[in-house]
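Please look over the sequence and the 3D structure shown below. The paragraphs after it go through the fold part by part.

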Amino acid sequence: MDFAIYKFPYGFLKIGYQGETLKLLQRTDNPIDNDKKTDFTDLVYKDIMEYLNGEITIFDFPYELEGTDFQQKVWQELTRIPYGETRTYKEIASAIGNKNASRAVGMANNKNPIMIVVPCHRVIGGNGKLVGYAGGIDMKKDLLDLEQRVREKIE
């Protein structure tokens, strides 16, 4: 896997890719020196920035998730959460047929390799609190607030 690093509002965005398939998207504070930007990584970055500016609500570049069968089920379910909405860990667990797996859902969220695109930021605690996000709680709050504002404009 090759990597490209771009500056974005939350530090640096690390884009991992093979060919023209996204494999990793994560926030990092440590840019690497030998990154390899391509037309594909430029497209991913452009789409992420357009999302952060409220200009797009879906992504259409190819991506591939690698993980356990359970993680794959969780991540697939995350992609079903509509833009601007949230689900609890328990709701995700129930949706994948294992209502008692809330903690395991949380662990799968933590291992999500493609933040924002696979919207683990849309999963909240059962009490409605914002908990656990690889990009940090402030970023999670910002993403949810952004989606709510954009959704209100659309409706």
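A nonpolar core is here a set of buried Ala, Val, Leu, Ile, Met, Phe, Trp, Tyr and Cys residues joined through side-chain atoms within 4.5 Å. Buried stands for under 20% relative accessible area, exposed for over 50%, and partly exposed for values in between, with a 1.4 Å probe and protein chains only. The model is predicted: local features need pLDDT of at least 70 and side-chain atom pairs count only at pLDDT 80 or more, while totals for chains, interfaces and linings use all residues. Residues are numbered from 1 along each chain as its sequence is written, and side-chain values use heavy atoms, with hydrogens and water left out.

The largest nonpolar core has 43 residues, of which Leu25, Ile48, Tyr51, Leu78 and Ile116 touch the most other members. At least two residues of this core come from each of β1 (2-8), β2, β3, α1 (39-52), α2 (69-78), α3 (89-95), α4 (102-110) and α5 (137-154). Helix α1 supplies the largest share, six residues. These element names follow DSSP runs, numbered from the N terminus: helices are H or I with at least four residues, strands are E with at least two. Ile116 is in contact (heavy atoms within 4.5 Å) with Ile48, Tyr51, Phe59, His121, Tyr133, Met139 and Leu143, leaving aside its neighbours within four places in sequence.

Next comes the sheet. Three strands form an open sheet in the order β1-β2-β3, with antiparallel pairing; two strands count as paired if DSSP finds at least two bridges between them. β1 and β3 are the edge strands, each pairing on one side only. On average, neighbouring strands of this sheet are turned by 20 degrees against each other, direction ignored. Helix α1 packs on the sheet and touches β1, β2 and β3, its direction making about 35 degrees with that of β1. For such angles, axes are lines fitted to C-alpha atoms, for helices over the stretch in contact, and the values run from 0 to 180 degrees between N-to-C directions.

How many bridges join β2 to β3? Seven join strand β2 (residues 11-18) to strand β3 (residues 21-28), and the two run antiparallel. Ile15 stands opposite Leu25 in β3, and Gly16 has Leu24 as its bridge partner in β3. The two strands form a hairpin with two residues between them, and Gly19 in the turn has a positive phi of about 60 degrees.

Thr41 belongs to helix α1. Thr41 counts as buried because its relative accessible area is 0%. Leaving aside neighbours within four places in sequence, Thr41 is in contact with Ala4, Tyr6, Ile15, Tyr17 and Lys36. A polar atom of the Thr41 side chain lies 2.8 Å from the backbone nitrogen of Thr38.

Two residues give a contrast in surroundings. Asn53 lies in the loop between α1 and α2 and counts as exposed because its relative accessible area is 51%. Asn53 and Leu146 are 93 residues apart in sequence, yet 8.4 Å apart in space, C-alpha to C-alpha. Arg103, in helix α4, is exposed, with a relative accessible area of 77%. Its C-alpha atom is separated by 12 Å from that of Phe70, 33 residues away along the chain.

As for confidence, pLDDT is the predictor's confidence in each residue, from 0 to 100. The protein averages a pLDDT of 93, and 100% of the residues score at least 70. Among the elements, α1 has the highest mean pLDDT (98) and α5 the lowest (92).

Technical notes:
A polar contact is a pair of N or O atoms within 3.5 Å; within protein, one must be able to donate a hydrogen and the other to accept it, and residues adjacent in sequence count only if both atoms are side-chain atoms.
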